[in-house]
Amino acid sequence: MLGQSRFTRLLLLVLLVLSTVGVLQLALAQDAQVNYPAYSVVASADGITLPEGLTAGYTTLNFQNDTEIPFSPIFARFKEGKTMPDFMTAMQAGGPGPVVEVVDVLGSPTVNPGETLSATYDLTAGEYIVLSFSADGPPNILPLVVGEAAADAITTEPEADVNLVMVDFAFALPGEIAAGEQTWKLDNIGDQVHQIEIYSVPEDATLAGMITEFTEVIQNMEPNSGRPDFGHELVYSWAAIGPDVAAWATLDLPPGQYFIACFVPESDAAEMVTHFAHGMVRLVTVR
């Protein structure tokens with residue numbers, strides 16, 4: 001009987017320890033789910049509505065498109081000492097080179113009509129702009145102010161499922177990615193502005209074949225004919241993101257094969273040479 005009593009006490013002790021470990025694991029998992037402050041940027045027939053009261057820290061922006069055309073805003077913050085007149089001068093100079101001397105381009109997703117896409121940024125206090133190009137008129141350039149960090153500002157970086165790193169001129173990310181909703185860290189560690197366009201392509205597609213196919217489309221385009229039709233569905237697009245900038249986006253890709261490319265023109269080239277022409281492409285499989 002004494003042996004059974006000791007065994008029983010030992011068993012209860014083990015169960016208590018395991019239960020405590022389970023509670024700690026649950027608490028850690030709950031702590032990992034950070035709720036970042038969220039604000040909306042809304043495109044409607046009346047124009048673009050920007051949020052008020054933004055403060056420094058990790059912040060989520062929900063880009064909502066209530067129009068009938070794609071909404072592709074470019075989110076950027078002024079460098080120290082730079083102002084809106086400096087930005088207008090840089091825009092008139094043409095190309096991304098002069099622009100990145102004035103602002104840090106944070107970028108944003110392209111949002112189709114009726115959709116809302118989210119992105120998280122590490123905002124610092126200062127003056128920002130939201131730039132949106134129009135098909136039949138001048139671009140909209142709206143100012144936005146981010147205040148000093150609040151006492152409870154979140155300083156924890158979002159946890160990423162996929163790290164997509166951009167350099168001059170290549171994408172670095174896993175060759176295989178899990179299907180479904182994932183948080184992607186979009187990290188530009190290069191010296192130039194980059195963009196991300198993700199196309200759904202056949203499962204038997206090869207990288208060389210996609211480069212050839214896309215190159216032929218570009219070469220056969222008429223001047224000033226607008227966006228090229230590559231014959232493949234564009235499933236995700238992130239507007240220009242500047243050097244030393246990172247953002248976190250939510251992507252939900254079904255299983256399949258995807259071709260990733262950057263079509264930004266080289267900032268310091270004498271002629272119009274795109275990053276695509278330099279080989280900034282990648283083929284990935286989603287399972």
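Visitor: How many helices and strands are there in the protein?
Guide: Four helices and 17 strands. Both are DSSP runs, numbered from the N terminus: helices are H or I with at least four residues, strands are E with at least two. This is a predicted model, where local features need pLDDT of at least 70, side-chain atom pairs count only at pLDDT 80 or more, and totals for chains, interfaces and linings use all residues. Residues are numbered from 1 along each chain as its sequence is written, and side-chain values use heavy atoms, with hydrogens and water left out.

Visitor: OK, salt bridges. How many in the whole structure?
Guide: The search finds five. A salt bridge here is a side-chain nitrogen of Lys or Arg within 4 Å of a carboxyl oxygen of Asp or Glu.

Visitor: Which side chain does aspartate 104 meet?
Guide: Lysine 79, at 2.7 Å from N to O. Aspartate 104 is in strand β5 (residues 103–105), and lysine 79 is in the loop between β4 (74–78) and α2 (84–93), so the bridge ties together parts 25 residues apart in sequence.

Visitor: Which residues are linked in a network?
Guide: Arg77, Lys79 and Asp104, through salt bridges.

Visitor: What does lysine 79 count as, by accessibility?
Guide: Partly exposed, at 28% relative accessibility. Buried means under 20% relative accessible area, exposed means over 50%, and partly exposed is in between, using a 1.4 Å probe and protein chains only.

Visitor: Next pair. What does glutamate 157 meet in a salt bridge?
Guide: Lysine 185, at 3.2 Å from N to O. Glutamate 157 is in the loop between β8 (137–146) and β9 (162–167), while lysine 185 is in strand β12 (residues 180–188). They are 28 residues apart and link distant parts of the chain.

Visitor: Is lysine 185 buried or exposed?
Guide: Buried, with a relative accessible area of 15%.

Visitor: Switching to the whole protein. What percentage of residues count as buried?
Guide: 39% of the 287 residues.
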